[in-house]
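Take a look at the sequence and the 3D view, then read on.

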Amino acid sequence: MSRSFKLQNIPQLPPDPLFGLKARFTADNRSDKVDLGIGAYRDNNGKPWILPSVKLAENLIQNSNDYNHEYLPISGYESFTKSAAKVILGDNSRAINENRLISIQSLSGTGALHIVAKFLKDFYLLNDGTGEPPIIYLSKPTWANHIQIFEYMGLKVEFYPYWNNETKSLDLNGFLKSIELAPSGSVFLLHSTAHNPTGLDPKQDEWLKILNHLQKYNHLPLFDSAYQGFSSGSLSKDAWAVRTAVDDLQNLYTFPIIICQSFAKNVGMYGERVGAVHIILPRDTLPLPDLKLNNAILSQLSKIIRSELSNPPAYGAKIVSKILNTPQLFKQWEDDLITMSSRIMKMRKLLVDELILLKTPGDWSHIIEQQGMFSFTGLNVNQVKRLELQHGVYLVGSGRASIAGLNESNIKKVAKCIDEVVRFEY
Ligand code: LMR
């Protein structure tokens, strides 16, 4: 048997939609360019912001006697994973008290999703012996990387309706219908707060309908928690959907609930890749306290980590752990979240005020109602292109704007440019 390497046939892939945009922005030498592309918080001067809580934690870590860069265990820094679980589930979570939780450190949210995809593929199979993995249902639209993470792992991806472009609101009926129609035992990926890219979150009564429907039709909820604290400024308010599912509804579920948690955004350490996977077993799984099953699952997740990255990076996890376990730093972090979320809310309002002042055609009120880092502005792909080419204002092609890129110095310019591109096509 012979094999030849068809090097000439290796196709060039297009740039990643988000990092490609960042590269175009960096290469642009217009001095008044504006980056509303990638979801990373900027301060009122348009600069990356190192959170005061992070600076304090770094200081404590670097000045401590046991400061080092040794390997972490394969499953990560335990004081981080334990306290990270409390951030999303709450201090008095039933799941934690009842020993139904398995947590492991991941390379931020992407790494967490990857571990979960592999775990589902290996262990969440059809009962008919075909070994068929589950279908993953993603919101339409969703974060572009979701699709390729699951497809890369060989899972089938489908979509549930989410954003109604006419009304610029949630297509709840479409969402519920696809829960009804999905093959029993499917996985539904839910953005726990600050939906990326729309900035549109279900209201509490809508969440209840969605979560009850998932239980009724026998599907597994997989929460992606990448922006906790960015919607309301409050960690507990932004965890409402997750905590309701886990604490109030999970006694109805026969499936685990899985959470992929990222600290890239809410601690402002994008490049440090701090995250975790939390698997919460259903209440009737095992005669408690019997940790045999927890340990078996942890061993499988650890095998994935060991074969992919050996063991997770330590520095960022130590910083987050220090913040979460030092009351004064935790309080500072809560203040930092309010600083970031309230500046973003202010920018939403200022942008809409400017558009109203300019009498820009259309209704822009949805920008204020949306939550978190992003706004699905409603600008179409041609308008976005024109914003970039003519004006040096960079948005994702879908019309998603990272509101964190706005500040008091660029907001008038951005509003004027939006006004121009809207009128150009109007
Ligand atoms: C984004 O959506 O802009 C961020 O989550 C950055 C990324 O990794 O895509």
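## Aromatic pairs

Rings of Phe, Tyr and Trp (its six-membered ring) pair if their centres lie within 6.5 Å; planes under 30 degrees apart count as stacked, over 60 as edge-to-face and the rest as tilted. The structure holds 16 such aromatic pairs. Helices (H or I, at least four residues) and strands (E, at least two) are DSSP runs, numbered from the N terminus. Phe-25 and Tyr-394 are both buried; buried means under 20% relative accessible area, exposed over 50%, partly exposed in between (1.4 Å probe, protein chains only).

Another edge-to-face pair is formed by Tyr-227 and Phe-374, at 5.6 Å centre to centre and 75° between the planes. Tyr-227 sits in the loop between strand 8 (220-225) and helix 9 (235-238), while Phe-374 is in strand 11 (residues 374-376), so the pair ties together parts that are 147 residues apart in sequence. Tyr-227 and Phe-374 are buried. Ring pairs also link Tyr-137, Tyr-160, Tyr-162, Phe-175 and Phe-188 into a cluster.

## What kind of model this is

This is a predicted model: local features need pLDDT of at least 70, side-chain atom pairs count only at pLDDT 80 or more, and totals for chains, interfaces and linings use all residues. Residues are numbered from 1 along each chain as its sequence is written, and side-chain values use heavy atoms, with hydrogens and water left out.

## A cavity

On a 1 Å grid over the protein atoms alone, a cavity is a set of points where a 1.4 Å probe fits but cannot get out, and a pocket is an open set with protein on both sides within 12 Å along at least five of seven lines; lining residues have an atom within 4 Å of a point. Grid points are joined across faces, edges and corners, and a volume is the space filled by probe spheres set on the points.

How many cavities of 30 Å³ or more does a search of the whole structure find? The search finds one, and the largest cavity has a volume of about 50 Å³. Its lining is made up of Tyr-160, Tyr-162, Phe-175, Leu-190, His-191, His-195, Pro-202, Trp-207 and Ile-210. Strand 7 (187-191) and helix 8 (204-216) are the elements that give two or more residues to this lining. By class, the lining of the largest cavity has seven nonpolar, two polar and no charged residues; Ala, Val, Leu, Ile, Met, Phe, Trp, Tyr, Cys and Pro count as nonpolar, Asp, Glu, Lys and Arg as charged, and the others, Gly among them, as polar.

The largest pocket holds about 910 Å³ of space. Its lining has 47 residues, and Phe-19, Ala-264, Lys-265, Tyr-270 and Arg-273 lie nearest its centre. The lining of the largest pocket includes 24 nonpolar, 14 polar and nine charged residues.

The second largest pocket has about 530 Å³ of space. It is lined by 19 residues, with Glu-78, Lys-82, Leu-101, Ile-102 and Ser-103 closest to its centre. Helix 3 gives the largest share of this lining, six residues.

## Helix 3 up close

Helix 3 (residues 78-89) has 12 residues and reaches 16 Å from its first C-alpha to its last, close to the expected 16 Å (the expected span is 1.5 Å times one less than the number of residues). Among its buried residues are Phe-80, Val-87 and Leu-89. After helix 3 comes Gly-90, with a positive phi near 95°.

Which kind of peptide bond joins Lys-140 and Pro-141? This bond is cis, with omega about 5°, and Pro-141 lies in the loop between strand 3 (135-140) and helix 6. The bond from Asn-196 to Pro-197 is also cis, with omega near 20°.

Asn-218 is not a glycine, yet its phi is positive, about 65°. With 31% relative accessibility, Asn-218 counts as partly exposed. Ser-310, in the loop between helix 11 and helix 12, has a positive phi near 70°.
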